[in-house]
Amino acid sequence: VSTSPADGRTRRTPGFATLPGTAGAGLLVGAFLALMLAPLVAGGSSDITTILPTIGYLMLAFVTWGVVAGVRREPGSWLGRRSVRRVVVAAIAADCAGVVASSAPGIQLGAIPLLLLLFLVLLNIALGRATERRATAPDVLVDERQEALRNHAHRLAYPIFAGIVGALLIADLVSSPSREWAEHVLGSGGFFVFLELLFVLPGMVLAVIEPAPPPPEPDLEGRGRTANVRLRIALALVFAVFALPVVASVSVVVLPLRIASQVTEGALGPEVSSTPSSPSAPGSPAAVLSCHDFSADVDAGWGVFAEVPVRAEWCFEGKVLNVENGCEGDILIGWSQSAVTVGPEKCTPVTAADGAMSVTWTETVTPELLPFLSRHVDVQVIIDKNGHVEVHT
Amino acid sequence: MRQVVVMGVGAVTTLLASAVPLHGFGIVLVVALGGLDILLLQATGWLAFRRGSGLDERQGALRDLAYRRGFRWIGLAMGLLLLVLFVSYLVVTGGVSAVKTADVDTGITGRILLATIELLVILPTCVVAWREEDATGPDEDEGDGGRSRRRGWMAWLVIPGILAGWLAAVVWLPIQSAPHGSLSVGGGPSNATCQEFAGGTMIGSEFGATVGFRTYVCWNGTDAFVWGNPRLPLLPSALQSAGPPGFTAPESLFNPASPLYSGCGLDNLSDFAAVGQTTCAEHIDATGTLHYTVKARVSPLPFGIASREVSVELVVTRTGKVLQGQGFEQS
């Protein structure tokens, strides 16, 4: 055992009890990332460039979690004050209420629920630091007084949790509309609030009932105010975790559009035409049908992005170009998205006198995190009478 | 002994949360759970629910510890119950109708709801009971044995209270509608437009029974009719328009038995009350409007005591407009 210099109470030595858990979590994350990356690397897929930012972000979040978990609250820090703790708890409660309210059926608030959940993560980090995560700490890391206090916090939290879950269950009983509400909320943001209550509610109660910390001793006060390098790194990482999605969302609007993949072109035919629309006269030999395809990817943004895979097929019957309908027929354009909304789309096909086809797709791309920003994207595919294809953005 | 009762509570709760058909006898499990709970509460001296002023320091510490352990067990126990529900559902249905039985949306079923309530109420007491060496006996209030004994037998009054509340709910609670849970498309005659309708009526809220229906209704501009249930024969006009001109096809060709589309009685839920005498009938009036009616008898007790007749009707015009039926009118 050792004695805490701040309050003189007995504290059991933590030893290395937490190391296996940290190492295990690291191994688990490493194995998860390896499992995700291995098939992509082995297959030489171009998707790896798409998924790399996400993997990098997940790794950053994991490292941040590890660094933040390793930072202990300095005696006398403002986050440990009782009033600050209670403000954090009130903010968490308000955030949870907001998530539930924004999850009700028929409410479309865009990225606001996501922002509320991100803010909830930030508040949880603050609460964890304010209470030094004593509510869930292993037994060896808390002294007898703290053990008694957190047990008491759990006893107070239990009926609160039961009451909230009970209210949800009553909503399932009362009427069909309330049942629909309960199901919808549980199936969306309410589920995260349920997890929040399950894992954090005792910590919230503990933050409220824990007495104010004793004033720091003079020598500790100085140390508490000293900038802690690890704390600064942790704060920087937390800032990066929350700022990166915003920066990436801005990139959708700011970065120039680019054709990401290599343009390929090749012959699929020759095949024998047998379609009713063939210009061949009845009884005459079937014309040789020579078909070609073209593909390209147009990307907007990085990390948070919209990808436009452009696919075009056209055929020559002899020397006649056959692209029936650019918007619904042989030219297919679709969007794959990541944290962006796309629409409404507009397709304008133009056929020239010499048979060349031009199709222009106009879309509006809006990052979900920043719904007040948007960008018009025009993708024009031109197939000339000789079958040459150009893509303009 | 207390640990045996705790395991009994776990077993009955697991059975309640599973997908094993109860055929109207769910209330027996609830009563059994109530009895086990009372045994546990008396064995632990109601420690988890006693006020702090009546406890000594050791009892207060044990109670608070029980709540902390109980809180940790809630999430795990709920996850395990959902796993039991999923696995037992696959076992019971053979994995065949896993999607189709979700057609009628009855919300969180009464079984899951009661299992959740049971967990929330009894977990701290289970923790106290499991720590047998620490548990307090039933006669903690020395010199107040009379009050303790009175509380002992009064607790058992909860059982008839549960029975009375359940019976009152099934007999007197207003009927609630259970809307469709999912809609699927596809199938049906080629010359008609078809849509699946699913819904039902709940008696006794989640603690009674649900009379559900699923039916695949087609309309061709002349008539609306049920497809997929040969016991409800197609009109000659529907058969004639389904085939080439001048050719009337055999009904088995155009109206094969498709219970997953138009099964009768497949969507009844009879966990806490038996559902019997289910009949599905259609009537197509002179204007081609379909009146599809499902009738059933819901009996909470044997021999038809306190039973209720329930009827659900769906009315669809020959143009596919829904005039009546479980909220489909708005679609």
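## How to read the model

Because this is a predicted model, local features need pLDDT of at least 70 and side-chain atom pairs count only at pLDDT 80 or more, while totals for chains, interfaces and linings use all residues. Residues are numbered from 1 along each chain as its sequence is written, chains are lettered from A and ligands numbered from 1 in the order in which they are written, and side-chain values use heavy atoms, with hydrogens and water left out.

## The two chains

Let's start with chain A. Its secondary structure comes to nine helices and 15 strands; here helices (H or I, at least four residues) and strands (E, at least two) are DSSP runs, numbered from the N terminus. Of its 393 residues, 35% are buried, where buried means under 20% relative accessible area, exposed means over 50%, and partly exposed lies in between (1.4 Å probe, protein chains only). Chain A exposes about 21100 Å², and carbon and sulfur atoms supply 66% of that area; accessible areas come from the Shrake-Rupley method with a 1.4 Å probe, and for residues only the protein chains shown count as cover. Among its contacts between residues at least 6 apart in sequence, 64% join residues at least 24 apart; a contact means heavy atoms within 4.5 Å.

Chain B has nine helices and eight strands. Buried residues account for 48% of its 331 residues. For contacts in chain B with a separation of 6 or more, 68% come from residues 24 or more positions apart.

## A helix with a buried side

Now look at helix α3 of chain A, residues 82–102. At 1.5 Å a residue, its 21 residues should span 30 Å, and the end C-alpha atoms are 30 Å apart, which agrees; the expected span is 1.5 Å times one less than the number of residues.

Several residues of α3(A) are buried, among them V84(A), R85(A), V88(A), I92(A) and C96(A).

## Charged pairs within and between chains

Side chains of opposite charge can pair when their charged atoms come close. A salt bridge is a side-chain nitrogen of Lys or Arg within 4 Å of a carboxyl oxygen of Asp or Glu, and the structure holds 14 of them over all chains. One network of salt bridges links R85(A), E132(A), R134(A) and E210(A).

An α-helix has 3.6 residues a turn, so residues three or four places apart point the same way. E147(A) also forms a salt bridge with R68(B), the closest N and O atoms being 3.0 Å apart. This pair crosses between chains, from helix α5 of chain A to helix α3 of chain B. E147(A) counts as buried at 16% relative accessibility, and R68(B) is buried too, with a relative accessible area of 1%.

Another pair is E206(B) with R179(A), whose closest N and O atoms are 3.3 Å apart. It also crosses between chains, from the loop between β2 (193–203) and β3 (209–219) of chain B to helix α6 (residues 176–186) of chain A. Both E206(B) and R179(A) are buried.

N151(A) is placed in helix α5 of chain A. It counts as buried because its relative accessibility is 6%. Not counting residues up to four places away in sequence, N151(A) touches D64(B), L65(B) and R68(B).

## On the surface of chain B

A nonpolar surface patch is formed by W73(B), L76(B), L80(B), L83(B), F86(B), V87(B), L90(B) and V91(B), with about 780 Å² of accessible area together. Patches are made of residues with over 30% relative accessible area and no salt bridge: like charges are joined within 9 Å, nonpolar side chains (Val, Leu, Ile, Met, Phe, Trp, Tyr) within 5 Å. One of the patch residues, L83(B), is found in helix α3 (residues 57–93) of chain B.
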